[in-house]
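The following explanation is meant to be read beside the sequence and the three-dimensional view. Please keep both open while following the text.

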Amino acid sequence: MLPSTRNPVEDLTVKIESLAYGVFGVARTDRGVVFVPQTAPGDVARVRIVEEKRGHREAELVEILEPSPSRRTPPCRYVPECGGCPWQHVDYPAQLAAKEASLREALARIGGFDVGALDIRPAIACAEWAYRHRLTLRVDGEQRLGFYRHRSHRLVEIERCLIADAVVNAHLEVAREWLRGVSTEVRRVEIASARDGSAALVGNAEGPFRHDGAYHDKFLRAHPTVSGIVLYGKGWRQAFGKPLVDLEIEDGLVIDTQGGFTQVNPAGNRRLVAALVELASPRADDRVLDLYCGAGNFTLPLARRVGEVLGVESEGTSVTHARRNADRAALANCRFLQRDAASAARSLAEAAEKFSLVVLDPPRSGAADVIDALPALASDRLVYVSCNPATLARDLGRLSKLGFSVGTIQPIDLFPQTYHIEAVVQVRRRTRPRP
């Protein structure tokens, strides 16, 4: 720990010890913890305190005095203005190490686990660049397209994104052209690429749909590489053309969706599916419950290996596509229920339904609303897929008190250049709940 050196404007010289789960490097001084963006573990930096908070202070980076060996020059010209890739200045091995550390820290601090006793594998690496087949961009009042600066609503307009694939980048200008003619007030645009080189445009709108359907039909005729357009807002949704996005999730198995959720990293998703199948240890006589199933990303690979799968998903479009994906793959042992996971889990438990395997793939907020129903549903084992170490640790801690033990944990880096980390966790029933 370096002593803090202060002048009247609160300048400090600090050494960065680690990366937090977020945009900040972490330094410790004689006045406590300081969080500093745009820093790497091992940096010695001059920083300026900008905010005092309970238990820590936040600072802005003034100058790197001694760069860390893991620091690199970001290859993207929009860094650090753009807030989309907050770890791009850190080399990839250090990114992986920081993500593994953040997962361990959450399991210990929030979940109450002795992480030294857990089977936590090294994170599976993915390609650093051009990995995203979906990219969501902000739109400002001048119809410019880009990303917000960190902790700001100031738009940084971009011409190319290094973590997006070639098809997405090729359609950035197409999306701008589309926006210039749209009457509906669009605030976010997602560009999603398909395997045939086409792209779908998905616009998240404020207010009502302004009846510009003729414009969209004309635009699609003029742009044959745009497969379709989806516009949606509160309580409404409009689709034009065939805005289908497909994803090969394992050999010979493809899912598609119309503007619904799919994993952003196709190659990483195949690793994710493979890890889930390995840790689930599917058996031919298994009866499986797949909660938060989306368009069937895990449902269909499991259906290839087990007796029966019930997928539960609240979003109607995803359920429609899940059923179509199962039919196309000739998987007659799948059925899908359009319902939110919490109410479905409660109803199934009340009906005394039993499943030998339960799969959880909740949003970032976690699965707290289904945890209490799981002891009645899962007769043997669970697999929990998480994109948030904090909610994962919280939910695993709760499961450990309800008669389950945590087995192998496999982190997967689906999101290089960011602090996000995916994890697949094997969970099994114990004979007695832990006190």
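Helix α1 (residues 92–109) packs against helix α11 (residues 389–400) at an angle of about 35°, and their axes lie 8 Å apart. Helices here are DSSP runs of H or I with at least four residues, strands are runs of E with at least two, and both are numbered from the N terminus. Axes are lines fitted to C-alpha atoms, for helices over the stretch in contact, and angles run from 0 to 180 degrees between N-to-C directions. The crossing of α1 and α11 is right-handed; a crossing has this hand if the near helix is turned clockwise from the far one by less than a right angle, and is left-handed if anticlockwise. On the α1 side the contact is made by S102, L103, A106 and L107, and on the α11 side by P389, A390, L392, A393 and L396. Contact means heavy atoms within 4.5 Å. By class, this contact has eight nonpolar residues, one polar residue and no charged residues. Ala, Val, Leu, Ile, Met, Phe, Trp, Tyr, Cys and Pro count as nonpolar, Asp, Glu, Lys and Arg as charged, and the others, Gly among them, as polar.

The model is predicted: local features need pLDDT of at least 70 and side-chain atom pairs count only at pLDDT 80 or more, whereas totals for chains, interfaces and linings use all residues. Residues are numbered from 1 along each chain as its sequence is written, and side-chain values use heavy atoms, with hydrogens and water left out.

The crossing of α3 and α4 is right-handed. In α3, residues V174, E177, W178 and G181 meet Y215, H216 and F219 of α4. Sorted by class, the contact of α3 with α4 has four nonpolar, two polar and one charged residues.

Attention now turns to individual residues in the strands. G228 belongs to strand β12 (residues 226–233). With a relative accessible area of 0%, G228 is buried; buried means under 20% relative accessible area, exposed over 50%, and partly exposed in between, with a 1.4 Å probe and protein chains only. Not counting residues up to four places away in sequence, G228 touches A199, A200, L201, L220, F240, G241, K242 and P243. The C-alpha atoms of G228 and A239 are 7.3 Å apart in space, and these residues are 11 apart in sequence.

I249 lies in strand β14 (residues 244–250) and is likewise buried, because its relative accessible area is 0%. Beyond its neighbours within four places in sequence, I249 is in contact with I255, N269, R270, V273, G296, N297 and P301. Between the C-alpha atoms of I249 and C387, which are 138 residues apart along the chain, the separation is 18 Å.

Where does H133 lie? H133 is in the loop between β6 (119–120) and β7 (134–139). It counts as buried because its relative accessibility is 2%. A polar atom of the H133 side chain lies 3.1 Å from the backbone oxygen of Q263. The contacts of H133, not counting residues up to four places away in sequence, include D165, V168, I191, S193, D246, T262, Q263 and P266.

The loop between β6 and β7 also holds A130, which has a positive phi of about 55° although it is not a glycine. At 44% relative accessibility, A130 counts as partly exposed. S281, in the loop between α5 (266–280) and β16 (287–291), has a positive phi of about 45° and is not a glycine either. S281 counts as partly exposed, at 32% relative accessibility. Another backbone feature is the cis peptide bond from V79 to P80, with omega near 5°; P80 is placed in the loop between β5 (56–66) and α1.

R346, finally, lies in helix α8 (residues 341–350) and is partly exposed at 44% relative accessibility. Leaving aside neighbours within four places in sequence, R346 is in contact with D369 and A373. R346 and L374 are 28 residues apart in sequence, and their C-alpha atoms are 8.9 Å apart in space.

Conventions
A polar contact is a pair of N or O atoms within 3.5 Å; within protein, one must be able to donate a hydrogen and the other to accept it, and residues adjacent in sequence count only if both atoms are side-chain atoms.
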